[in-house]
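Biologist: I am new to this structure and would like to talk through some of its features. Could you show it to me?

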Amino acid sequence: MTPTQEPATLKILEFLTYCGARNLSPNTVRAYRADLAQFFELSGGSAITMECLNRKLVRGFIVKLHNSGIMPQSLRRKIAAVKAFCKWCEAEGLMESSLIESIAPPRGRNQMPDVPSEAELKHLFEGEIPTRSPERDRVVIELLYGSGLRAAELIGINIEDFRDEDVLVVRGKGRRERLVIVGEYARDSIQAWLPVRAKLLAKFNLETSALLFSVGPNRSFERLDVRSVGRIVKAVAEGRGLDPHKWHPHLLRHACGTHMHDHGAPLQSIGTLLGHAKLSTTEVYTRVSVGRMMKVYNHAHPHAVPA
């Protein structure tokens, strides 16, 4: 059996090992694993050989996903995973990926995030945090909104990552490092959490460099994970009487970018703070701001709606 006649699924593990060696983030590798598994499941499973992996097969996968009503952003991510796998296969001499590289997802308008207003954010943050660890959980929401962090960036913060009380090093997508600003509210929340953190570590005789953690059953230490951060955001929202289904960590990051743009911050500065590799990613906040402006206009202006 020649390499091109082998089941293509056998090469997935080799590809994922290569991705890990390239220092891609664990989240990216996990997403590649899931997306490639879905691709082969919908395309014929282990019966697909390398010589069968072609443009027609990939297009069929895209059509099936598109017809299922998948969100455009998720569809683009899955296509990117397949393309990355095919590009690696070409480097290994297993296929020609140039025909697949030109495949694009069906065109569709990007859905604008439903960003909460500044008044809603004020309500979320005011008063005591209604959770079991209020000092820690205020740090969570303050850094998500105040510094525009991704949840994965937040949970990776170590004490030594602070370059100053108002400057923090975070590791974003592809483990790229960047400096972010820690605002006054976030600084105050961190200063309130640090003594509580120290007492917890001393009480349970634990040591960690993680800024944020939880102490589980049997005094086990756990660094917060992305799901924990999501639960914290929803718990705070629910405690404030807000719809917990609407609130999630990335919503606070979107709110950070949108509110900065509303107050005149240049797109390039917003993109730098948020760690966007492309300016086009940041441009979504211009559409959000215009959308917000249109809602106000349609509600308030006498000529907005015909009589």
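Modeller: Please note that this is a predicted model.

Biologist: Which residues in α4 are buried?

Modeller: Among them are Leu-75, Lys-78, Ile-79, Val-82, Phe-85, Cys-86 and Trp-88.

Biologist: Changing topic, how many salt bridges are found in the whole structure?

Modeller: The search finds 10 salt bridges. In one of them, Arg-77 pairs with Asp-35, with the closest N and O atoms 2.9 Å apart. This pair links distant parts of the chain, as Arg-77 is in helix α4 and Asp-35 is in helix α2 (residues 26-43), 42 residues apart.

Biologist: Is Asp-35 buried or exposed?

Modeller: Asp-35 counts as buried because its relative accessibility is 1%, under the 20% cut-off. Arg-77, at 40%, counts as partly exposed.

Biologist: Which residues are linked with Asp-35 in a network of salt bridges?

Modeller: Arg-77 and Lys-78 are linked with Asp-35 in that network.

Biologist: What about Arg-171, which residue does it form a salt bridge with?

Modeller: Arg-171 forms a salt bridge with Asp-161, the closest N and O atoms being 3.0 Å apart. Arg-171 lies in strand β2 and Asp-161 in the loop between α8 and β1, so the pair ties together parts that are 10 residues apart in sequence. Asp-161 is buried at 3% relative accessibility, whereas Arg-171 is partly exposed at 35%.

Note on methods:
Residues numbered from 1 in each chain as written. Predicted model: local features only at pLDDT ≥ 70, side-chain atom pairs only at ≥ 80, totals over all residues. Heavy atoms only, no water. Buried < 20%, exposed > 50% of the residue type's maximum accessible area, 1.4 Å probe, protein only. Helix = DSSP H or I, 4+ residues; strand = E, 2+ residues; numbered from the N terminus. Salt bridge = Lys/Arg side-chain N within 4 Å of Asp/Glu carboxyl O.
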